[in-house]
Amino acid sequence: DDDDEIEEGPPIPRDMKYIERNVLRQSQHFVAIREAAGSQLTNDVYVRDVETSTFWFVGKIARISDVSLEQAVARQWPLIEQHARRLRPIELYSKKGRDALQIWTAPGDSELDVAYNRPNTQFQKMKRADEIPGAEKIRAIEIGFQGEMYQQNEEGFRTVRTEDGRPANPEVQPTSETRAPTNDEMKKIQEMIKGKDLGGMFDDE
């Protein structure tokens, strides 16, 4: 539905519209780059409603070494944003306007550090393509995005962060000297590290 993707800002490139071939292509590119470069050029992606302090994990992004993280996110922004809306329809789908949702990144494969509120794991706020020089020139094959998908009854992984991307809650210390993770925290950690498969939540062309 084209109305779903009408936002203030630059036009959405055809290769980043939220349709099946684009979603699957960028997922394939993610896998190819990940296999070649490992986690060094991979980052975890979170989306936040600006009216809350909850950051939802929505997938992972990869890029070749000649492309910056900021360029990789900016070029794929429409795809990432729409995936987040479909993934969290109650919390994110109805949020409209250029600045309604923010995209943040974390180091690749840092989910456990995020779940334990490690203070050295800080999120980085991303910008759109019209704010990042050269982003529009990045080829789709040079970047990839693999969206998070939920298994049945899975609640999804989220984290509460401050305005500068740091943990809003105390670090969880899984030792006898300090408090152990609560049942709720352990449930979130277990959900987070499950394997995820890409499924279809995209629009028909």
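The following conversation goes through a predicted model of one protein chain.

Me: How many helices and strands are there in the chain?
Reply: The chain has six helices and six strands. Read from the N terminus, the elements run α-β-β-α-α-α-β-α-β-β-β-α.

Me: What is the average pLDDT of the chain?
Reply: The average pLDDT is 88, and 82% of the residues score at least 70. Residues 1–6 have a pLDDT below 50, and this stretch makes twelve contacts in the model beyond near neighbours in sequence. Residues 196–200 also fall below 50, with twelve contacts beyond near neighbours in sequence.

Me: What share of the residues is buried?
Reply: Of the 205 residues in the chain, 48% are buried. The chain exposes about 10,400 Å², of which carbon and sulfur atoms supply 48%.

Me: And what share of the contacts joins residues 24 or more positions apart?
Reply: Among contacts with a separation of 6 or more, 74% are between residues 24 or more positions apart.

Me: Is Val47 buried or exposed, and why?
Reply: Val47 counts as buried because its relative accessibility is 1%, and buried means under 20%.

Me: What does Val47 touch?
Reply: Leaving aside residues up to four places away in sequence, Val47 touches Thr54, Phe55, Trp56, Val58, Ile80, Ala84, Leu92, Leu101, Gln102 and Ile103. Val47 and Lys125, 78 residues apart in sequence, are 9.7 Å apart in space from C-alpha to C-alpha.

Me: And which residues does Val73 touch?
Reply: With residues up to four places away in sequence again left out, Val73 touches Ile61, Ile80, Ile103, Thr105 and Met126.

Me: A change of topic: helix α1. What should its 18 residues span?
Reply: Helix α1, residues 20–37, should span 26 Å at 1.5 Å a residue. The C-alpha atoms at its ends are 26 Å apart, so the two values agree.

Me: Which residues in α1 are buried?
Reply: The buried residues in α1 are Asn22, Val23, Arg25, Gln26, Ser27, His29, Phe30 and Ile33. Their cover includes β1, β2 (54–63), α3 (77–87) and β5 (143–147).

Me: What follows α1?
Reply: Gly38 follows α1, and its phi is positive, near 70°.

Me: Now the charged pairs. How many salt bridges does a search of the whole structure find?
Reply: The search finds 18 salt bridges. One of them joins Asp44 and Lys60, whose closest N and O atoms are 2.5 Å apart. Asp44 lies in strand β1 and Lys60 in strand β2, so the pair ties together parts that are 16 residues apart in sequence.

Me: Are Asp44 and Lys60 buried or exposed?
Reply: Both Asp44 and Lys60 are buried.

Me: What about Asp130: which residue is its partner?
Reply: Asp130 forms a salt bridge with Arg98, with the closest N and O atoms 2.9 Å apart. Asp130 lies in the loop between β4 (124–125) and β5, and Arg98 in the loop between α4 (89–93) and β3, so this pair ties together parts 32 residues apart in sequence. Asp130 is partly exposed, at 46% relative accessible area, whereas Arg98 is buried, at 17%.

Me: And which residue pairs with Arg139?
Reply: Arg139 forms a salt bridge with Glu142, the closest N and O atoms being 3.4 Å apart. Arg139 counts as exposed, at 52% relative accessibility, while Glu142 is buried, at 16% relative accessible area.

How values were computed. Residues are numbered from 1 along each chain as its sequence is written. This is a predicted model: local features need pLDDT of at least 70, side-chain atom pairs count only at pLDDT 80 or more; totals for chains, interfaces and linings use all residues. Side-chain values use heavy atoms; hydrogens and water are left out. Helices (H or I, at least four residues) and strands (E, at least two) are DSSP runs, numbered from the N terminus. Buried means under 20% relative accessible area, exposed over 50%, partly exposed in between (1.4 Å probe, protein chains only). Contact means heavy atoms within 4.5 Å. Accessible areas come from the Shrake-Rupley method with a 1.4 Å probe; for residues, only the protein chains shown count as cover. The expected span of a helix is 1.5 Å times one less than its number of residues. pLDDT is the predictor's confidence in each residue, from 0 to 100. A salt bridge is a side-chain nitrogen of Lys or Arg within 4 Å of a carboxyl oxygen of Asp or Glu.
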